[in-house]
Amino acid sequence: MDNIQIIEKARRGDHDAFRILVESHARPVYRLAFRMTGNAIDAEDVSQETFLKAWKQIGNFDGRASFGTWLHRICANCSVDLIRSRKRRETDADVADPQQHIASPGPSPERIALSGQVAAMLGPALDELSGMERAAFVLRHFEGMGIEEISVALGVLPGAAKHSVFRAVQKLRRTLRPAMSASR
């Protein structure tokens, strides 16, 4: 059975078909949620919320984008909602770093120290981005999506997606500049 048939069965309320879709898309959804939220607990919550919303809204899936892209959009929106609510609730959260392994194999001690410093700064730096900027940045630089895919996943025009990635990169450069200039 191909993906289109499975989606159609799920649209008709077939729980087993939807379970197959969940199993085939769980890892990419979790990975995106983790990179968006910065920790495993929130990523689990966002993943569950993503699939719950997908189940409730599967009748609205029109096939213009792939099912995976549609799920990425739901996941990104759920992540942005969680980040916004977290920022309202917390001012000093200790967020797990989504980029724990930046260094390449066999790095020098100086490189290890720099990577640790950048990694320690990256989580809080990502938290300073707006939800849209963070979503666009994560989809581009962690998930490897192109601007067109990001615009579909976030439901914005390609120019807005490109601008969000650009603003995120600029903000991260400013925040991470002290660590980068220490390496020179």
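**Ground rules.** I number residues from 1 along each chain as its sequence is written, and side-chain values use heavy atoms, with hydrogens and water left out. Since this is a predicted model, local features need pLDDT of at least 70 and side-chain atom pairs count only at pLDDT 80 or more, while totals for chains, interfaces and linings use all residues.

**Overall make-up.** I looked up the secondary structure and got 8 helices and 0 strands. Helices here are DSSP runs of H or I with at least four residues, strands are E runs of at least two, and both are numbered from the N terminus. From the N terminus on, the order reads α-α-α-α-α-α-α-α. I then checked burial: 41% of the 184 residues count as buried (under 20% relative accessible area; exposed is over 50%, partly exposed in between, with a 1.4 Å probe and protein chains only). For contacts (heavy atoms within 4.5 Å) between residues at least 6 apart in sequence, 66% join residues at least 24 apart.

**Helix pairs, how I describe them.** Two packed helices are described by the angle between their axes and the distance between the axes. The axes are lines fitted to C-alpha atoms, for helices over the stretch in contact, and angles run from 0 to 180 degrees between N-to-C directions.

**H1 and H2.** I started with H1 (residues 3–11) and H2 (residues 15–37): their axes come within 7 Å and cross at roughly 130°. H1 and H2 are therefore oblique to each other (under 35 degrees is roughly parallel, over 145 roughly antiparallel, 65 to 115 roughly perpendicular, and the rest oblique). H1 passes H2 in a left-handed crossing; that means the near helix is turned anticlockwise from the far one by less than a right angle, and clockwise would be right-handed. On the H1 side I find Asn3, Ile6, Ile7, Lys9 and Ala10, which meet Ala17, Phe18, Ile20, Leu21 and His25 of H2. By class, that contact has 7 nonpolar, 2 polar and 1 charged residues. Nonpolar covers Ala, Val, Leu, Ile, Met, Phe, Trp, Tyr, Cys and Pro; charged covers Asp, Glu, Lys and Arg; the others, Gly among them, are polar.

**H2 and H3.** Next I took H2 with H3 (residues 40–57), whose axes come within 8 Å and cross at roughly 140°. That makes H2 oblique to H3, and the crossing is right-handed. Residues of H2 in this contact include Phe18, Val22, His25 and Tyr30, and those of H3 include Val46, Phe51 and Trp55. The contact of H2 with H3 divides into 13 nonpolar, 5 polar and 2 charged residues.

**H6 and H7.** Further along I checked H6 (residues 131–142) and H7 (residues 147–154), with axes that come within 10 Å and cross at roughly 135°. H6 and H7 are therefore oblique to each other, in a right-handed crossing. Met132, Ala135, Ala136, Leu139 and Arg140 of H6 make the contact with Ile147, Ile150, Ala153 and Leu154 of H7. I get 8 nonpolar, no polar and 1 charged residues in it.

**Cysteines.** How many disulfides are there in the whole structure? My search finds 0 (a disulfide needs a pair of cysteine sulfur atoms within 2.5 Å). Cysteine 75 is in none, and its nearest cysteine sulfur, that of cysteine 78, is 6.8 Å away. Cysteine 75 is buried, at a relative accessible area of 0%. Cysteine 78 is in no disulfide either, and it counts as buried at 7% relative accessibility.
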